[in-house]
Amino acid sequence: MGELIEHLREGLPAEAILTDPDVMASYANDMASFCTAGRPAVVTLPRTVEQVQHVMRTATALRVPVVPQGARTGLSGAANAADGCIVLSLVKMDRILEIDPDDRVAVVEPGVVNAVLSRAVAEQGLYYPPDPSSWEQCTIGGNIGTASGGLCCVKYGVTAEYVLGLDVVLADGRLLRTGRRTAKGVAGYDLTRLFVGSEGSLGVVVRAVLALRPAPPQQLALVAEFPSVAAAGEAVRQIMARGHAPSLLELMDRTTVHAVNAMAKMGLPETTEALLLAAFDTPDPAADLAAVAELCTAAGADQVVPAEDAAESDLLLQARRLALTALETLRPATMIDDVCVPRSRLAAMLEGTAEIARKYGLTIGVCAHAGDGNTHPVVCFDPADADEARRARESFDAIMALGLELGGTITGEHGVGVLKKEWLARELGPVGLEIQQGIKRTFDPLNLLNPGKVLDA
């Protein structure tokens, strides 16, 4: 311990090294349930690339594990500390280094908050689309680490599609530059995509070149009320099959709607079994919404209500953003799943989740990025009740098994971390797992970077 601190002090200022046990405890874990967290030996808060390199060189020299962290808003335990580790928090590296309207790129440090970047580029008539629900708190580095999605993914895609290049500090302290800032480029293997979604297990992102888009028109939304999730699923299928490109296509089940109403008094229709929210940011959104309204009605919607203006559209969007927070009020704790299935199996996923809730005697609310088939079943439970906590964990696993059975994946945007590590091998298969373990050993031969997360080397 003493030797580690002495080495760190050789390249870090005093304020960048935290050793108080109570302070370090606040850096021990992210927001995931059922994920163990250890006690770090030290928390570091570098402000420069050189300081990050010093941390990694020290870790390699002394064989100390390192856990990179952003804002710790993750939901898989990927940012949880390990016993005796160096927590490498990147939140102080929070500068927007460049916004280039000509090339439509932004260059940022990993600690930049998503919403801060979004607002900064908007001032120049540009748009950074990835918008996780935690966008007011989560950082770009964390978004890159978990390959985050968001509400707009159905039209604009996920984080990986906006990362053009990275500067990455490797486990031994070397600095690797990947990718480009040009619109096109295929030189060599695509190492940039390899780091996106790696959850800090291959290297530490210290700089990112991000693609931007022109700012779209203000979106306009509608809400459709359905008597069953099957009807809502059919509407989603028809909307996408007919070639529509909504900027948002979100679904909330009955449990979620009730929770949002109870918390925020938003007046959403509580008689519905599924509420579908669609929005368009096209030049004529009213015409697009009218076409979608017809499809919803044909699929069996009880009622379709278009927003009258942008303010009402924003209110509907806020209702969806509050879904996870509202579900957290139903019981003392929640487990948020992140299973993505083909859009054609969306209704089967929701119906199967409802059956799992009945089987285990639990409240499970579902909100979903319906246009992507990305569902977020939220298991609500009391961790003080041992039997209920056991049922919660078993139901969580049952939901992942259901997703795989329907041709889906165990995580669409939250990552693997600790929570889903055992399930990753089932999805990858033995050959896939062997190849990925080989990649881990290439970048991190001493297994110092985020050990125990994602997969074992």
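**Reading a domain and its core**

Tutor: The UniProt record, an unreviewed entry, places the feature "domain: FAD-binding PCMH-type" at residues 36-215; UniProt positions follow the numbering used here, feature names are shortened, and annotations may be inferred rather than shown by experiment. This is a predicted model, in which local features need pLDDT of at least 70 and side-chain atom pairs count only at pLDDT 80 or more, while totals for chains, interfaces and linings use all residues. Residues are numbered from 1 along each chain as its sequence is written, and side-chain values use heavy atoms, with hydrogens and water left out.

Student: How much of residues 36-215 is helix and how much is strand?

Tutor: Helices (H or I, at least four residues) and strands (E, at least two) are DSSP runs, numbered from the N terminus. Over residues 36-215 the chain is 22% helix and 24% strand, with the end C-alpha atoms 42 Å apart.

Student: Which residues have the most contacts inside the largest nonpolar core?

Tutor: In soluble globular proteins, nonpolar side chains tend to be buried together. A nonpolar core is a set of buried (under 20% relative accessible area, 1.4 Å probe, protein chains only) Ala, Val, Leu, Ile, Met, Phe, Trp, Tyr and Cys residues joined through side-chain atoms within 4.5 Å. The largest here has 34 residues, and those with the most contacts inside it are Val 108, Leu 117, Tyr 128, Ile 140, Ile 144, Leu 166 and Leu 210. Strand S10 (204-211) is among the elements giving two or more residues to this core, and S10 supplies the largest share, 5 residues.

Student: What does Leu 117 touch?

Tutor: Not counting residues up to four places away in sequence, Leu 117 has contacts (heavy atoms within 4.5 Å) with Ile 96, Ala 106, Val 108, Val 112, Tyr 128, Ile 140 and Leu 210.

Terms used
Buried < 20%, exposed > 50% of the residue type's maximum accessible area, 1.4 Å probe, protein only.
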